[in-house]
Amino acid sequence: EGASPTMPAWWISRLLLLPLLLPPLLHPPFVPLVTVSADSISRWGPKTQDSPPNGDVLVRGAVEKVATPNGIAAHCMHIAASPRIDGDEGRASNADSSCELQTPPYSSRRLVVQQVCSSPRLYLVENFASKEEIEHIIESSRPRLTPSHPGTVTGTRYELPIDDDPVLETVRERMMAIFPDLDTDFQSTFRVRRYQPDGSYHPPHLDYYQSSDDPNSKVLVLTIMLYLTTPEEGGETYFPKANSGSGYAFQPVAGNVAAWWSIVGDEDVDKGAGNGHRNHAPGTRDQRTEHEGRKVRKGEKWNATYFVYANPLQAATVRASKVISAR
């Protein structure tokens, strides 16, 4: 009741000085933003306020998804600069107007595409699929498996729909990244097979298939097989005519991919393709790709196969990637 009429003005003056008295680590709302380079992320965690390694800039700000120059999506930040810590003494120095951080280990992994045979063209990609992707495919198929052909020994199978399943769509896109220049439409299923140690195997056959006599119709030109389990014994995918008759066998290892063309490529027309005849035409059936699934003698063999249909003449010109990325 007895307050001096000059008190409000006194408090207002003190409040105006308050920002100058705050500790320097409290940032005003107008701290300028630092633009992080597109291919940069902090390995020590952009979503945390943990102390960074010596010499790095402590950052804070909103996380957003950006595209890096190599085409890999990553979580990046628009950040407000904070003082750097120079050594264990905790000395602070002025923040830079920009900072360059490292790509996170979780953004992608590089997968090497190995051409394990040139006659015919066979490819291997190790560690292609993650444990989670493998489990998803198996558990999505297990309750729906039926005998491939009643009375035969080719195991049980299921045509697993791919579309609208993000995990399966990612696996399919990664498969096609092995052959990025192939002009083809996405197929809608994986053929999942399960072979048990009951004498199940797949007899010798060719995957080449043409559904129509129309010369312009698409042909089954490429097979991409993802192994989902590692049998204890047996179950190899064997090509007896490969390597001039000495043969080649893919070992079924969970997570690995085997891929092979069913047609003669334009680069190997002089290598005895097609019944051993030289100069067989590119895009025609390659008899060297006859293969079989050997008997599983111990354990179980699961695989998921993706069949690719395309114009055989265009497909004959396609080369495989050397390296692909898995996210």
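## Thr184 and its contacts

In this predicted model, Thr184 touches Met176, Lys218, Val308, Tyr309 and Ala310, leaving aside residues up to four places away in sequence. Thr184 sits in the loop between H3 and S9. A polar atom of its side chain lies 2.5 Å from the backbone oxygen of Tyr309.

Strand S9 covers residues 189-195. Five of its seven residues are buried, so the strand is largely enclosed by the rest of the structure.

S9 pairs with strand S8 (residues 156-161) in the antiparallel sense, over six bridges. Here Arg157 has Arg193 as its bridge partner in S9. S9 also pairs with strand S19 (residues 301-310), again in the antiparallel sense, over five bridges. In that pairing, Arg194 stands opposite Trp302 of S19.

Arg191 and Glu159 meet in a salt bridge, at 2.5 Å from N to O. Arg191 lies in S9 and Glu159 in S8, so the pair ties together parts that are 32 residues apart in sequence. Arg191 is partly exposed, at 25% relative accessibility. Glu159 is partly exposed too, with a relative accessible area of 28%.

## Helices H2 and H3

Helix H2 spans residues 131-141. Its buried residues are Glu133, Ile134, Ile137, Ile138, Ser140 and Ser141. They pack against S8, H3, S9, strand S12 (219-227) and S19.

Helix H3 (residues 166-176) holds Glu169. This residue is partly exposed, with a relative accessible area of 25%. Glu169 touches Ile162, Asp163 and Asp164, not counting residues up to four places away in sequence. Phe186 is 17 residues from Glu169 along the chain, and their C-alpha atoms are separated by 9.7 Å.

The whole structure has eleven salt bridges. One of them joins Arg319 to Asp266, with the closest N and O atoms 3.0 Å apart. Arg319 lies in the loop between helix H4 (312-315) and strand S20 (323-326), and Asp266 in the loop between strand S16 (257-261) and strand S17 (291-293), so this pair ties together parts that are 53 residues apart in sequence.

Arg319 also forms a salt bridge with Glu267, the closest N and O atoms being 3.3 Å apart. Shared partners join Asp266, Glu267 and Arg319 into one network. Relative accessibility is 36% for Arg319, which counts as partly exposed. Asp266 is partly exposed at 33%, and Glu267 is partly exposed at 38%.

Key: Residues numbered from 1 in each chain as written. Predicted model: local features only at pLDDT ≥ 70, side-chain atom pairs only at ≥ 80, totals over all residues. Heavy atoms only, no water. Buried < 20%, exposed > 50% of the residue type's maximum accessible area, 1.4 Å probe, protein only. Helix = DSSP H or I, 4+ residues; strand = E, 2+ residues; numbered from the N terminus. Pairing = 2+ DSSP bridges. Contact = heavy atoms within 4.5 Å. Polar contact = N/O pair within 3.5 Å; in protein donor to acceptor, adjacent residues only side chain to side chain. Salt bridge = Lys/Arg side-chain N within 4 Å of Asp/Glu carboxyl O.
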